[in-house]
Amino acid sequence: MTRPTVLFLGPCRKLNSRTGEAYPPFAEEARSGKFLRKCIRELGIDAVAEVDFDNILPGCAIDSSGKEYNPSWNVLLNALDKHKIWGLTRGSVLVALSEPVCRALTIAQQTRSNSGVESNFEVVCSVHPSYVMRRPAAERIKHLDHLRTSIFQLLRPHQELFDAALTITENNVNI
């Protein structure tokens, strides 16, 4: 049986302050990427699905003064039209990692649906890992439990894969 795909989608790449280069989406060496990848392993998502990472914008969001910024939903919406997400296979789950990503994606899906084009994926809206990792442990655990439950409910047709999933406790989500 083919494993479903769970794609974690952020707004844009971030600059590595040491090198001046953009990190790959949710890179292991970036703080939020390291945190997200650890959460995926702790939650057992990688045991039941193929996991992928991407951003809507292919590069960093830089304003006219050369400063990095977090793009708004309308900036992201303009970049979604030709994004690879529209080629995901049926049964995929897309985790939108911020309110602007979720809003842009919701509008794009509705626009496509109104034109008779349906998406092959379900969306889970979540908070960007850079915000989750700054919360107290109890809040992180609550958020991660909700995220895991939301993803696994959408993957329910693949129930036989859930045996490897972990229960979240304060002891095994020590992040």
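Colleague: In this predicted model, is Cys125 buried, partly exposed or exposed?

Modeller: Cys125 has a relative accessible area of 41%. Buried means under 20% and exposed means over 50%, with partly exposed in between. The value for Cys125 therefore makes the residue partly exposed.

Colleague: Which residue does a disulfide join to Cys125?

Modeller: A pair of cysteine sulfur atoms within 2.5 Å counts as a disulfide, and by this rule the count comes to 1. The S to S distance in this disulfide is 1.7 Å. The residue joined to Cys125 is Cys102.

Colleague: Is the disulfide of Cys102 and Cys125 right-handed or left-handed?

Modeller: The handedness follows from the torsion about the S-S bond, which is about 55°. The disulfide of Cys102 and Cys125 is therefore right-handed.

Colleague: How many residues apart in sequence are the parts that the pair ties together?

Modeller: Cys102 belongs to helix H4, residues 99–114, whereas Cys125 belongs to strand S4. Cys102 counts as buried, at 13% relative accessibility. Since one cysteine is in the helix and the other in the strand, the pair ties together parts whose separation in sequence is 23 residues.

Colleague: In what order do the strands form the open sheet?

Modeller: The chain comes to 6 helices and 4 strands, and its elements run β-α-α-β-α-β-α-β-α-α from the N terminus on. The 4 strands form an open sheet with parallel pairing. Neighbouring strands of this sheet are turned by 20° against each other on average, direction ignored. The order of the strands is S2-S1-S3-S4.

Colleague: Which strands stand at the edges?

Modeller: An edge strand here has a single partner strand, so one side of it is left without a neighbour in the sheet. This applies to the strand of residues 50–55 and to that of residues 121–126. The strands at the edges are S2 and S4.

Colleague: How many bridges join strand S1 to S3?

Modeller: S1 runs parallel to S2, and 6 bridges join the two; there, Leu7 stands opposite Asp52 in S2. S1 also runs parallel to S3, where the bridge partner of Val6 is Val93. The number of bridges that join S1 to S3 is 4.

Colleague: Which residue in S4 stands opposite Val95?

Modeller: Strand S3, residues 92–97, runs parallel to S4, and 6 bridges join the two strands. In S4, the residue opposite Val95 is Val124.

Colleague: How many of the residues of S1 are buried?

Modeller: In a regular strand the side chains alternate between the two faces of the sheet. The number of buried residues in S1 is 6 of 6.

Colleague: Which strands does helix H6 lie across?

Modeller: Helix H6 comprises residues 137–154 and runs at about 175° to S4. The strands that H6 lies across are S1, S3 and S4.

Colleague: Which residues of H1 and H6 make the contact between these helices?

Modeller: Helix H1, residues 31–43, packs with H6 at an angle of about 65°, and their axes are 11 Å apart. The crossing is right-handed. By class, the contact has 5 nonpolar, no polar and 2 charged residues. The residues are Phe35, Cys39 and Leu43 of H1, and Arg140, Leu144, Arg148 and Phe152 of H6.

Colleague: Leaving aside neighbours within four places in sequence, with which residues is Ser98 in contact?

Modeller: Ser98 is found in the loop between S3 and H4. Ser98 is buried, with a relative accessible area of 11%. With those neighbours left aside, the contacts of Ser98 are Pro11, Ser126, Val127 and His128.

Notes:
Residues numbered from 1 in each chain as written. Predicted model: local features only at pLDDT ≥ 70, side-chain atom pairs only at ≥ 80, totals over all residues. Heavy atoms only, no water. Pairing = 2+ DSSP bridges. Axes fitted to C-alpha atoms, helices over the stretch in contact; angles between N-to-C directions. Contact = heavy atoms within 4.5 Å. Left-handed = near helix turned anticlockwise from the far one by under 90°. Nonpolar A, V, L, I, M, F, W, Y, C, P; charged D, E, K, R; others polar. Buried < 20%, exposed > 50% of the residue type's maximum accessible area, 1.4 Å probe, protein only.
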